[in-house]
Protein chains: 2
Amino acid sequence: MERSEAAGVPAPPWRKPRKPAAPRRQLSQELIIETGLRILDEEGLDALTMRRVAQELDTGPASLYAHVANKEELIELIYEKVIEEVRLPEDAGAPWQDRLRALAWESRRVLTAHADIARAALANVPTGPNSLRLAEYMFKLLIEAGLTPKAASLAMDRLSLYIAGDTFEGSLHFARQRASGWSVEEYLREYFGQVETYLRQLPPDRFPTIAAHVDDLLEGGDEERFDFGLDLIIAGIEARLRPSR
Amino acid sequence: MERSEAAGVPAPPWRKPRKPAAPRRQLSQELIIETGLRILDEEGLDALTMRRVAQELDTGPASLYAHVANKEELIELIYEKVIEEVRLPEDAGAPWQDRLRALAWESRRVLTAHADIARAALANVPTGPNSLRLAEYMFKLLIEAGLTPKAASLAMDRLSLYIAGDTFEGSLHFARQRASGWSVEEYLREYFGQVETYLRQLPPDRFPTIAAHVDDLLEGGDEERFDFGLDLIIAGIEARLRPSR
DNA sequence: TACTTGACACGAACAGCGTTCGCTAATAAA
DNA sequence: TTTATTAGCGAACGCTGTTCGTGTCAAGTA
(Lines give C-alpha, C1' and ligand atoms only; values in the text may rest on other atoms or scores of the structure.)
Protein backbone atom coordinates (compact mmCIF):
# COMPACT_ATOMS: atom_id res chain seq x y z
CA MET A 1 0.00 0.00 0.00
CA GLU A 2 3.03 2.22 -0.08
CA ARG A 3 2.23 2.77 -3.68
CA SER A 4 0.28 5.87 -2.72
CA GLU A 5 3.65 7.47 -2.26
CA ALA A 6 4.42 6.98 -5.90
CA ALA A 7 1.22 8.79 -6.72
CA GLY A 8 2.66 12.06 -5.46
CA VAL A 9 1.54 12.05 -1.87
CA PRO A 10 4.62 12.44 0.34
CA ALA A 11 4.99 10.04 3.19
CA PRO A 12 4.16 11.49 6.58
CA PRO A 13 7.38 12.75 8.15
CA TRP A 14 6.82 10.90 11.38
CA ARG A 15 6.93 7.63 9.55
CA LYS A 16 10.53 6.69 9.41
CA PRO A 17 11.89 6.61 5.93
CA ARG A 18 12.71 3.17 4.67
CA LYS A 19 16.28 2.14 4.87
CA PRO A 20 18.08 4.28 2.28
CA ALA A 21 19.51 1.37 0.37
CA ALA A 22 19.13 -2.05 1.83
CA PRO A 23 21.77 -4.09 0.04
CA ARG A 24 20.86 -7.14 2.08
CA ARG A 25 24.13 -8.32 3.46
CA GLN A 26 25.19 -11.78 2.46
CA LEU A 27 25.87 -13.45 5.74
CA SER A 28 26.96 -17.05 5.81
CA GLN A 29 28.43 -19.48 8.28
CA GLU A 30 31.67 -19.48 6.35
CA LEU A 31 31.93 -15.73 6.56
CA ILE A 32 31.16 -15.72 10.27
CA ILE A 33 33.81 -18.35 10.94
CA GLU A 34 36.43 -16.46 8.96
CA THR A 35 35.62 -13.25 10.76
CA GLY A 36 35.73 -14.96 14.12
CA LEU A 37 39.08 -16.52 13.30
CA ARG A 38 40.47 -13.16 12.32
CA ILE A 39 39.37 -11.58 15.58
CA LEU A 40 40.80 -14.53 17.48
CA ASP A 41 44.17 -14.15 15.80
CA GLU A 42 44.34 -10.42 16.21
CA GLU A 43 42.82 -9.91 19.63
CA GLY A 44 42.59 -13.25 21.37
CA LEU A 45 39.80 -15.50 22.51
CA ASP A 46 38.52 -13.10 25.13
CA ALA A 47 37.78 -10.53 22.46
CA LEU A 48 35.83 -13.06 20.45
CA THR A 49 32.28 -12.12 21.39
CA MET A 50 29.15 -12.43 19.33
CA ARG A 51 28.82 -8.67 19.41
CA ARG A 52 32.36 -8.20 18.19
CA VAL A 53 31.87 -10.57 15.27
CA ALA A 54 28.59 -8.92 14.36
CA GLN A 55 30.16 -5.48 14.54
CA GLU A 56 32.88 -6.59 12.18
CA LEU A 57 30.17 -7.62 9.73
CA ASP A 58 28.26 -4.37 10.18
CA THR A 59 25.27 -5.94 11.80
CA GLY A 60 23.82 -6.88 15.17
CA PRO A 61 24.50 -9.99 17.21
CA ALA A 62 21.06 -11.43 16.53
CA SER A 63 21.92 -11.90 12.89
CA LEU A 64 24.55 -14.49 13.67
CA TYR A 65 22.15 -16.92 15.23
CA ALA A 66 20.62 -17.78 11.90
CA HIS A 67 23.90 -19.42 10.91
CA VAL A 68 25.34 -20.57 14.19
CA ALA A 69 23.54 -22.19 17.09
CA ASN A 70 25.47 -20.34 19.80
CA LYS A 71 28.89 -19.14 20.76
CA GLU A 72 30.10 -22.56 21.77
CA GLU A 73 29.33 -23.93 18.35
CA LEU A 74 31.04 -20.99 16.70
CA ILE A 75 34.20 -21.65 18.65
CA GLU A 76 34.09 -25.31 17.75
CA LEU A 77 33.73 -24.41 14.11
CA ILE A 78 36.66 -22.04 14.33
CA TYR A 79 38.66 -24.76 16.03
CA GLU A 80 37.90 -27.18 13.22
CA LYS A 81 38.99 -24.56 10.74
CA VAL A 82 42.28 -24.16 12.56
CA ILE A 83 42.90 -27.89 12.75
CA GLU A 84 42.58 -28.00 9.01
CA GLU A 85 45.99 -26.37 8.83
CA VAL A 86 47.77 -29.29 10.43
CA ARG A 87 49.79 -31.10 7.81
CA LEU A 88 50.30 -34.80 8.42
CA PRO A 89 53.88 -36.05 8.23
CA GLU A 90 54.27 -37.78 4.92
CA ASP A 91 57.32 -39.91 5.42
CA ALA A 92 55.57 -43.20 6.03
CA GLY A 93 58.87 -45.06 6.01
CA ALA A 94 60.33 -43.26 9.00
CA PRO A 95 60.35 -44.82 12.46
CA TRP A 96 57.08 -44.34 14.27
CA GLN A 97 58.77 -42.33 16.99
CA ASP A 98 59.87 -39.71 14.51
CA ARG A 99 56.48 -39.54 12.85
CA LEU A 100 54.71 -39.24 16.17
CA ARG A 101 57.07 -36.53 17.28
CA ALA A 102 56.57 -34.64 14.05
CA LEU A 103 52.81 -34.85 14.35
CA ALA A 104 52.87 -33.60 17.91
CA TRP A 105 55.09 -30.66 17.06
CA GLU A 106 53.03 -29.77 14.02
CA SER A 107 49.83 -29.81 16.06
CA ARG A 108 51.43 -27.65 18.66
CA ARG A 109 52.69 -25.26 16.05
CA VAL A 110 49.28 -24.74 14.51
CA LEU A 111 47.47 -24.35 17.81
CA THR A 112 50.07 -21.93 19.10
CA ALA A 113 49.86 -19.91 15.90
CA HIS A 114 46.24 -19.07 16.61
CA ALA A 115 46.34 -17.28 19.91
CA ASP A 116 44.48 -19.07 22.65
CA ILE A 117 42.26 -21.32 20.56
CA ALA A 118 43.84 -24.16 22.54
CA ARG A 119 41.34 -23.38 25.25
CA ALA A 120 38.73 -24.80 22.91
CA ALA A 121 40.88 -27.79 22.06
CA LEU A 122 40.78 -28.94 25.64
CA ALA A 123 37.23 -27.92 26.36
CA ASN A 124 35.66 -29.95 23.58
CA VAL A 125 35.87 -33.51 22.51
CA PRO A 126 36.72 -32.79 18.91
CA THR A 127 34.50 -34.69 16.54
CA GLY A 128 34.79 -32.74 13.32
CA PRO A 129 36.24 -34.20 10.14
CA ASN A 130 39.57 -32.47 10.55
CA SER A 131 40.03 -33.77 14.07
CA LEU A 132 39.21 -37.24 12.82
CA ARG A 133 41.83 -36.90 10.14
CA LEU A 134 44.46 -36.44 12.83
CA ALA A 135 43.01 -39.20 14.96
CA GLU A 136 43.03 -41.69 12.08
CA TYR A 137 46.65 -40.91 11.34
CA MET A 138 47.81 -41.16 14.93
CA PHE A 139 45.80 -44.27 15.67
CA LYS A 140 47.11 -46.08 12.64
CA LEU A 141 50.64 -45.06 13.48
CA LEU A 142 50.39 -46.43 17.00
CA ILE A 143 48.98 -49.74 15.83
CA GLU A 144 51.70 -50.06 13.21
CA ALA A 145 54.19 -49.40 15.97
CA GLY A 146 52.99 -52.58 17.58
CA LEU A 147 50.50 -51.53 20.22
CA THR A 148 47.29 -53.46 20.62
CA PRO A 149 44.23 -51.53 19.41
CA LYS A 150 43.15 -51.00 22.98
CA ALA A 151 46.54 -49.65 24.02
CA ALA A 152 46.74 -47.55 20.89
CA SER A 153 43.36 -46.07 21.70
CA LEU A 154 44.45 -45.13 25.19
CA ALA A 155 47.81 -43.82 24.03
CA MET A 156 46.16 -41.64 21.43
CA ASP A 157 43.80 -40.25 24.02
CA ARG A 158 46.61 -39.41 26.42
CA LEU A 159 48.82 -37.94 23.73
CA SER A 160 46.01 -35.71 22.51
CA LEU A 161 45.38 -34.61 26.05
CA TYR A 162 49.04 -33.82 26.46
CA ILE A 163 49.23 -31.69 23.34
CA ALA A 164 46.02 -29.85 24.14
CA GLY A 165 47.01 -29.36 27.77
CA ASP A 166 50.42 -28.00 26.94
CA THR A 167 49.17 -25.54 24.35
CA PHE A 168 46.37 -24.53 26.64
CA GLU A 169 48.81 -23.73 29.40
CA GLY A 170 50.87 -21.75 26.95
CA SER A 171 47.83 -19.85 25.79
CA LEU A 172 47.22 -18.62 29.31
CA HIS A 173 50.53 -16.85 29.37
CA PHE A 174 49.69 -15.52 25.97
CA ALA A 175 46.37 -14.14 27.18
CA ARG A 176 47.95 -12.57 30.23
CA GLN A 177 50.72 -10.99 28.27
CA ARG A 178 48.12 -9.51 25.98
CA ALA A 179 46.00 -8.30 28.86
CA SER A 180 48.99 -6.76 30.62
CA GLY A 181 49.66 -4.53 27.65
CA TRP A 182 53.33 -5.25 27.77
CA SER A 183 55.54 -6.69 25.10
CA VAL A 184 56.39 -10.37 25.21
CA GLU A 185 59.87 -9.66 26.48
CA GLU A 186 58.69 -7.28 29.18
CA TYR A 187 56.03 -9.70 30.29
CA LEU A 188 58.37 -12.68 30.46
CA ARG A 189 61.03 -10.73 32.30
CA GLU A 190 58.47 -9.43 34.75
CA TYR A 191 56.81 -12.78 35.27
CA PHE A 192 59.92 -14.88 35.70
CA GLY A 193 61.41 -12.18 37.82
CA GLN A 194 58.50 -12.34 40.20
CA VAL A 195 58.54 -16.12 40.35
CA GLU A 196 62.27 -16.12 40.96
CA THR A 197 61.98 -13.59 43.75
CA TYR A 198 59.19 -15.60 45.28
CA LEU A 199 61.05 -18.89 45.12
CA ARG A 200 64.25 -17.43 46.50
CA GLN A 201 62.58 -16.10 49.60
CA LEU A 202 60.99 -19.40 50.53
CA PRO A 203 62.02 -20.78 53.93
CA PRO A 204 64.62 -23.46 53.18
CA ASP A 205 63.63 -25.48 56.22
CA ARG A 206 60.14 -26.06 54.91
CA PHE A 207 61.00 -26.36 51.24
CA PRO A 208 64.59 -27.59 51.19
CA THR A 209 64.57 -29.27 47.81
CA ILE A 210 62.92 -26.40 46.01
CA ALA A 211 65.12 -23.82 47.70
CA ALA A 212 68.23 -25.75 46.74
CA HIS A 213 67.37 -25.88 43.05
CA VAL A 214 65.69 -22.63 42.14
CA ASP A 215 67.89 -22.27 39.09
CA ASP A 216 66.88 -25.63 37.71
CA LEU A 217 63.23 -24.88 38.31
CA LEU A 218 63.39 -21.68 36.33
CA GLU A 219 65.50 -22.90 33.50
CA GLY A 220 63.32 -24.75 31.02
CA GLY A 221 61.60 -22.88 28.22
CA ASP A 222 58.25 -23.74 26.72
CA GLU A 223 59.59 -25.82 23.89
CA GLU A 224 62.10 -27.68 26.00
CA ARG A 225 59.35 -28.63 28.41
CA PHE A 226 57.08 -29.81 25.64
CA ASP A 227 59.86 -31.88 24.19
CA PHE A 228 60.69 -33.43 27.52
CA GLY A 229 57.12 -34.53 28.09
CA LEU A 230 56.88 -35.88 24.59
CA ASP A 231 60.02 -37.90 25.22
CA LEU A 232 58.56 -39.30 28.40
CA ILE A 233 55.42 -40.46 26.66
CA ILE A 234 57.23 -41.94 23.69
CA ALA A 235 59.64 -43.75 25.96
CA GLY A 236 56.65 -44.99 27.90
CA ILE A 237 55.13 -46.39 24.73
CA GLU A 238 58.41 -48.04 23.81
CA ALA A 239 58.48 -49.68 27.20
CA ARG A 240 55.10 -51.23 26.43
CA LEU A 241 56.47 -52.70 23.24
CA ARG A 242 59.33 -54.53 24.86
CA PRO A 243 58.79 -58.29 25.03
CA SER A 244 59.32 -58.30 28.78
CA ARG A 245 55.76 -57.16 29.42
CA MET B 1 20.78 11.78 68.62
CA GLU B 2 18.32 8.99 68.22
CA ARG B 3 17.99 9.04 71.92
CA SER B 4 15.00 11.34 71.56
CA GLU B 5 13.11 8.30 70.42
CA ALA B 6 13.61 6.71 73.77
CA ALA B 7 12.07 9.78 75.36
CA GLY B 8 8.68 8.85 73.93
CA VAL B 9 8.64 10.84 70.70
CA PRO B 10 8.00 8.48 67.80
CA ALA B 11 10.26 8.76 64.84
CA PRO B 12 8.72 10.48 61.83
CA PRO B 13 7.28 7.81 59.59
CA TRP B 14 9.09 9.05 56.51
CA ARG B 15 12.36 8.45 58.15
CA LYS B 16 13.19 4.88 57.42
CA PRO B 17 13.41 2.83 60.54
CA ARG B 18 16.86 1.78 61.42
CA LYS B 19 17.84 -1.66 60.37
CA PRO B 20 15.80 -3.92 62.65
CA ALA B 21 18.87 -5.40 64.22
CA ALA B 22 22.13 -4.45 62.69
CA PRO B 23 24.46 -7.11 63.98
CA ARG B 24 27.15 -5.90 61.64
CA ARG B 25 27.93 -9.02 59.72
CA GLN B 26 31.37 -10.29 60.32
CA LEU B 27 32.67 -10.79 56.84
CA SER B 28 36.11 -12.20 56.43
CA GLN B 29 38.18 -13.71 53.68
CA GLU B 30 37.96 -17.06 55.40
CA LEU B 31 34.18 -16.93 55.46
CA ILE B 32 34.00 -15.90 51.84
CA ILE B 33 36.28 -18.73 50.77
CA GLU B 34 34.28 -21.29 52.71
CA THR B 35 31.05 -20.05 51.24
CA GLY B 36 32.50 -20.09 47.75
CA LEU B 37 33.76 -23.62 48.23
CA ARG B 38 30.34 -24.76 49.37
CA ILE B 39 28.68 -23.26 46.32
CA LEU B 40 31.32 -24.84 44.10
CA ASP B 41 30.72 -28.26 45.59
CA GLU B 42 26.97 -28.05 45.44
CA GLU B 43 26.38 -26.24 42.19
CA GLY B 44 29.59 -26.22 40.20
CA LEU B 45 32.04 -23.58 39.09
CA ASP B 46 29.60 -21.88 36.75
CA ALA B 47 27.31 -21.09 39.65
CA LEU B 48 30.16 -19.52 41.58
CA THR B 49 29.52 -15.84 40.96
CA MET B 50 30.28 -12.92 43.19
CA ARG B 51 26.58 -12.22 43.47
CA ARG B 52 25.84 -15.80 44.47
CA VAL B 53 28.47 -15.75 47.19
CA ALA B 54 27.23 -12.41 48.46
CA GLN B 55 23.65 -13.60 48.45
CA GLU B 56 24.63 -16.58 50.54
CA LEU B 57 26.11 -14.18 53.06
CA ASP B 58 23.05 -11.91 53.00
CA THR B 59 24.83 -8.98 51.46
CA GLY B 60 25.65 -7.39 48.14
CA PRO B 61 28.51 -8.23 45.82
CA ALA B 62 30.36 -5.02 46.63
CA SER B 63 30.99 -6.18 50.16
CA LEU B 64 33.22 -8.98 49.01
CA TYR B 65 35.76 -6.71 47.41
CA ALA B 66 37.03 -5.53 50.75
CA HIS B 67 38.39 -9.01 51.40
CA VAL B 68 39.13 -10.31 47.94
CA ALA B 69 40.72 -8.46 45.05
CA ASN B 70 38.52 -9.99 42.36
CA LYS B 71 36.90 -13.20 41.28
CA GLU B 72 40.09 -14.65 39.93
CA GLU B 73 41.77 -14.29 43.27
CA LEU B 74 38.79 -15.81 45.02
CA ILE B 75 38.98 -18.88 42.82
CA GLU B 76 42.70 -19.18 43.45
CA LEU B 77 42.08 -19.00 47.18
CA ILE B 78 39.42 -21.67 46.94
CA TYR B 79 41.80 -23.78 44.92
CA GLU B 80 44.46 -23.47 47.57
CA LYS B 81 41.92 -24.47 50.18
CA VAL B 82 41.06 -27.57 48.18
CA ILE B 83 44.69 -28.52 47.69
CA GLU B 84 45.08 -28.47 51.43
CA GLU B 85 43.13 -31.71 51.50
CA VAL B 86 45.75 -33.63 49.58
CA ARG B 87 47.52 -36.00 51.94
CA LEU B 88 51.08 -36.81 51.04
CA PRO B 89 51.98 -40.50 50.89
CA GLU B 90 53.88 -41.29 54.06
CA ASP B 91 55.63 -44.49 53.22
CA ALA B 92 59.03 -43.01 52.51
CA GLY B 93 60.55 -46.47 52.18
CA ALA B 94 58.44 -47.54 49.24
CA PRO B 95 59.77 -47.46 45.69
CA TRP B 96 59.50 -44.03 44.12
CA GLN B 97 57.17 -45.34 41.44
CA ASP B 98 54.60 -46.36 44.02
CA ARG B 99 54.89 -43.09 45.89
CA LEU B 100 54.56 -41.07 42.73
CA ARG B 101 51.56 -43.06 41.65
CA ALA B 102 49.94 -42.63 45.05
CA LEU B 103 50.49 -38.88 44.96
CA ALA B 104 49.02 -38.58 41.50
CA TRP B 105 45.94 -40.56 42.42
CA GLU B 106 45.47 -38.66 45.64
CA SER B 107 45.69 -35.33 43.81
CA ARG B 108 43.22 -36.54 41.27
CA ARG B 109 40.88 -37.76 43.95
CA VAL B 110 40.80 -34.42 45.75
CA LEU B 111 40.38 -32.36 42.61
CA THR B 112 37.64 -34.61 41.33
CA ALA B 113 35.87 -34.45 44.67
CA HIS B 114 35.35 -30.72 44.28
CA ALA B 115 33.31 -30.42 41.13
CA ASP B 116 35.10 -28.55 38.39
CA ILE B 117 37.69 -26.69 40.42
CA ALA B 118 40.21 -28.41 38.15
CA ARG B 119 39.51 -25.67 35.67
CA ALA B 120 41.35 -23.38 38.06
CA ALA B 121 44.15 -25.87 38.54
CA LEU B 122 45.08 -25.59 34.91
CA ALA B 123 44.36 -21.93 34.49
CA ASN B 124 46.71 -20.74 37.21
CA VAL B 125 50.30 -21.36 38.00
CA PRO B 126 49.77 -22.38 41.58
CA THR B 127 52.03 -20.53 43.94
CA GLY B 128 50.28 -20.88 47.28
CA PRO B 129 51.79 -22.68 50.25
CA ASN B 130 49.72 -25.80 49.75
CA SER B 131 50.73 -26.13 46.14
CA LEU B 132 54.33 -25.71 47.16
CA ARG B 133 53.91 -28.48 49.69
CA LEU B 134 53.02 -30.85 46.88
CA ALA B 135 55.76 -29.53 44.67
CA GLU B 136 58.40 -29.99 47.35
CA TYR B 137 57.32 -33.56 47.92
CA MET B 138 57.23 -34.48 44.26
CA PHE B 139 60.46 -32.73 43.43
CA LYS B 140 62.33 -34.41 46.24
CA LEU B 141 60.90 -37.76 45.25
CA LEU B 142 62.07 -37.40 41.68
CA ILE B 143 65.56 -36.41 42.70
CA GLU B 144 65.78 -39.31 45.10
CA ALA B 145 64.70 -41.53 42.25
CA GLY B 146 67.89 -40.53 40.50
CA LEU B 147 66.92 -37.78 38.11
CA THR B 148 69.13 -34.75 37.76
CA PRO B 149 67.60 -31.61 39.29
CA LYS B 150 66.96 -30.24 35.85
CA ALA B 151 65.20 -33.40 34.69
CA ALA B 152 63.30 -33.63 37.96
CA SER B 153 62.12 -30.08 37.46
CA LEU B 154 60.85 -30.82 33.99
CA ALA B 155 59.29 -34.11 35.01
CA MET B 156 57.46 -32.44 37.87
CA ASP B 157 56.16 -29.80 35.54
CA ARG B 158 54.88 -32.34 33.03
CA LEU B 159 53.37 -34.57 35.67
CA SER B 160 51.52 -31.66 37.22
CA LEU B 161 50.26 -30.68 33.82
CA TYR B 162 49.09 -34.21 33.22
CA ILE B 163 47.15 -34.41 36.46
CA ALA B 164 45.59 -31.00 36.00
CA GLY B 165 44.78 -31.66 32.37
CA ASP B 166 43.13 -34.97 33.07
CA THR B 167 40.99 -33.69 35.90
CA PHE B 168 40.12 -30.64 33.87
CA GLU B 169 38.89 -32.79 31.03
CA GLY B 170 36.88 -34.82 33.48
CA SER B 171 35.38 -31.70 34.98
CA LEU B 172 33.99 -30.73 31.60
CA HIS B 173 31.90 -33.84 31.43
CA PHE B 174 30.87 -33.14 34.97
CA ALA B 175 29.75 -29.64 34.08
CA ARG B 176 27.86 -30.82 31.05
CA GLN B 177 26.13 -33.56 32.91
CA ARG B 178 25.05 -31.02 35.47
CA ALA B 179 23.87 -28.60 32.83
CA SER B 180 21.96 -31.29 30.99
CA GLY B 181 19.85 -31.97 34.05
CA TRP B 182 20.18 -35.69 33.63
CA SER B 183 21.56 -38.22 36.02
CA VAL B 184 25.13 -39.39 35.61
CA GLU B 185 24.01 -42.69 34.15
CA GLU B 186 21.59 -41.09 31.73
CA TYR B 187 24.19 -38.60 30.63
CA LEU B 188 26.91 -41.19 30.08
CA ARG B 189 24.59 -43.52 28.22
CA GLU B 190 23.38 -40.68 26.03
CA TYR B 191 26.86 -39.30 25.40
CA PHE B 192 28.60 -42.56 24.62
CA GLY B 193 25.63 -43.64 22.61
CA GLN B 194 25.95 -40.60 20.42
CA VAL B 195 29.68 -41.00 20.00
CA GLU B 196 29.28 -44.64 19.14
CA THR B 197 26.61 -43.91 16.56
CA TYR B 198 28.80 -41.23 15.08
CA LEU B 199 31.89 -43.41 14.90
CA ARG B 200 30.02 -46.35 13.41
CA GLN B 201 28.69 -44.35 10.53
CA LEU B 202 32.07 -43.02 9.48
CA PRO B 203 33.12 -43.95 5.94
CA PRO B 204 35.58 -46.83 6.32
CA ASP B 205 37.50 -45.85 3.23
CA ARG B 206 38.51 -42.52 4.72
CA PHE B 207 38.95 -43.66 8.30
CA PRO B 208 39.79 -47.35 8.03
CA THR B 209 41.67 -47.73 11.30
CA ILE B 210 39.09 -45.93 13.40
CA ALA B 211 36.22 -47.76 11.73
CA ALA B 212 37.89 -51.10 12.35
CA HIS B 213 38.33 -50.49 16.08
CA VAL B 214 35.34 -48.58 17.31
CA ASP B 215 34.92 -50.94 20.24
CA ASP B 216 38.46 -50.35 21.44
CA LEU B 217 38.05 -46.62 21.13
CA LEU B 218 34.97 -46.60 23.31
CA GLU B 219 36.15 -49.02 25.92
CA GLY B 220 38.35 -47.18 28.39
CA GLY B 221 36.85 -45.51 31.42
CA ASP B 222 38.14 -42.36 33.07
CA GLU B 223 40.24 -44.10 35.67
CA GLU B 224 41.71 -46.61 33.28
CA ARG B 225 42.78 -43.81 30.99
CA PHE B 226 44.34 -41.86 33.81
CA ASP B 227 46.21 -44.93 34.95
CA PHE B 228 47.45 -45.65 31.46
CA GLY B 229 48.87 -42.17 31.05
CA LEU B 230 50.47 -42.31 34.45
CA ASP B 231 52.11 -45.59 33.47
CA LEU B 232 53.44 -44.04 30.31
CA ILE B 233 55.02 -41.16 32.16
CA ILE B 234 56.51 -43.30 34.90
CA ALA B 235 57.91 -45.74 32.37
CA GLY B 236 59.32 -42.75 30.54
CA ILE B 237 61.07 -41.58 33.69
CA GLU B 238 62.44 -45.07 34.28
CA ALA B 239 63.86 -45.07 30.79
CA ARG B 240 65.77 -41.91 31.65
CA LEU B 241 67.30 -43.62 34.63
CA ARG B 242 68.72 -46.52 32.73
CA PRO B 243 72.50 -46.35 32.32
CA SER B 244 72.23 -46.63 28.55
CA ARG B 245 71.43 -42.96 28.20
C1' DT C 1 31.79 10.94 78.79
C1' DA C 2 31.85 13.34 74.18
C1' DC C 3 33.97 13.54 69.94
C1' DT C 4 36.82 12.23 66.03
C1' DT C 5 38.51 9.01 62.98
C1' DG C 6 39.10 5.15 60.11
C1' DA C 7 37.60 0.97 58.27
C1' DC C 8 34.23 -1.85 56.75
C1' DA C 9 29.45 -2.62 54.63
C1' DC C 10 26.75 -2.09 50.82
C1' DG C 11 22.88 0.10 47.51
C1' DA C 12 23.09 1.62 43.16
C1' DA C 13 24.92 1.89 39.01
C1' DC C 14 27.98 0.90 34.76
C1' DA C 15 29.45 -1.46 30.90
C1' DG C 16 29.52 -5.62 28.85
C1' DC C 17 27.99 -10.39 27.90
C1' DG C 18 24.94 -14.37 25.32
C1' DT C 19 20.62 -14.97 23.78
C1' DT C 20 15.53 -14.29 22.35
C1' DC C 21 11.46 -11.98 20.50
C1' DG C 22 9.06 -10.20 16.91
C1' DC C 23 8.95 -7.07 13.13
C1' DT C 24 10.86 -5.78 8.35
C1' DA C 25 12.00 -6.66 3.89
C1' DA C 26 13.89 -9.34 0.23
C1' DT C 27 13.57 -13.45 -2.18
C1' DA C 28 11.39 -17.79 -4.08
C1' DA C 29 7.27 -20.12 -5.28
C1' DA C 30 2.73 -20.39 -7.01
C1' DT D 1 0.87 -10.67 -9.40
C1' DT D 2 0.16 -12.57 -5.21
C1' DT D 3 1.68 -15.32 -1.45
C1' DA D 4 4.84 -17.88 1.61
C1' DT D 5 9.19 -18.29 3.43
C1' DT D 6 13.10 -16.77 5.59
C1' DA D 7 17.33 -14.02 6.57
C1' DG D 8 18.35 -9.73 8.81
C1' DC D 9 18.24 -7.15 12.78
C1' DG D 10 16.64 -3.38 16.60
C1' DA D 11 15.44 -3.80 21.05
C1' DA D 12 15.21 -5.92 25.08
C1' DC D 13 16.07 -9.48 29.02
C1' DG D 14 18.65 -11.26 32.53
C1' DC D 15 22.98 -12.11 33.72
C1' DT D 16 28.00 -11.02 34.75
C1' DG D 17 32.33 -8.56 37.34
C1' DT D 18 33.46 -4.41 39.19
C1' DT D 19 33.42 0.60 41.05
C1' DC D 20 31.68 4.76 43.37
C1' DG D 21 29.94 7.14 47.00
C1' DT D 22 27.56 6.99 51.01
C1' DG D 23 26.32 5.15 55.33
C1' DT D 24 27.36 3.21 59.81
C1' DC D 25 29.54 1.10 63.38
C1' DA D 26 33.66 0.43 66.64
C1' DA D 27 37.70 1.86 68.56
C1' DG D 28 40.79 5.60 69.96
C1' DT D 29 41.45 10.19 71.82
C1' DA D 30 40.66 14.26 74.57
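Two residues count as in contact here if their C-beta atoms, placed from the backbone, lie within 7 Å. By that rule, 5 residues of domain 1 of chain A are in contact with 7 residues of domain 2 of chain A. The side of domain 1 that touches domain 2 has 2 nonpolar, 1 polar and 2 charged residues (nonpolar: Ala, Val, Leu, Ile, Met, Phe, Trp, Tyr, Cys and Pro; charged: Asp, Glu, Lys and Arg; polar: the others, Gly among them).

Domain 1 spans 24-68 and domain 2 spans 88-241 of chain A, with bounds from an automatic or database domain assignment. Taken over C-alpha atoms, their centres are 30 Å apart.

## About the model

This is a predicted model, in which local features need pLDDT of at least 70, side-chain atom pairs count only at pLDDT 80 or more, and totals for chains, interfaces and linings use all residues. Residues are numbered from 1 along each chain as its sequence is written, while chains are lettered from A and ligands numbered from 1 in the order in which they are written.

## A closer look at helix α5

Helices here are DSSP runs (H or I, at least four residues), numbered from the N terminus. Helix α5 of chain A, residues 96-113, reaches 26 Å from its first C-alpha to its last, close to the 26 Å expected (1.5 Å times one less than its number of residues).

Which residues of α5(A) are buried? They are A:Arg99, A:Leu100, A:Leu103, A:Ala104, A:Ser107, A:Arg108 and A:Leu111 (buried: 20 or more other C-beta atoms within 10 Å of the residue's own; exposed: 12 or fewer; partly exposed: in between; C-beta atoms placed from the backbone). These residues are on the same side of α5(A) because they cover an arc of only 165° around the axis, judged by the directions from the helix axis to the C-beta atoms. On the other side, A:Asp98 and A:Ala113 are exposed.

The cover over the buried residues of α5(A) includes α6 (118-123), α7 (129-145), α8 (149-180) and α12 (222-241) of chain A. Just after α5(A), A:Ala115 takes a positive phi of about 45°.

Conventions
Helix = DSSP H or I, 4+ residues; strand = E, 2+ residues; numbered from the N terminus.
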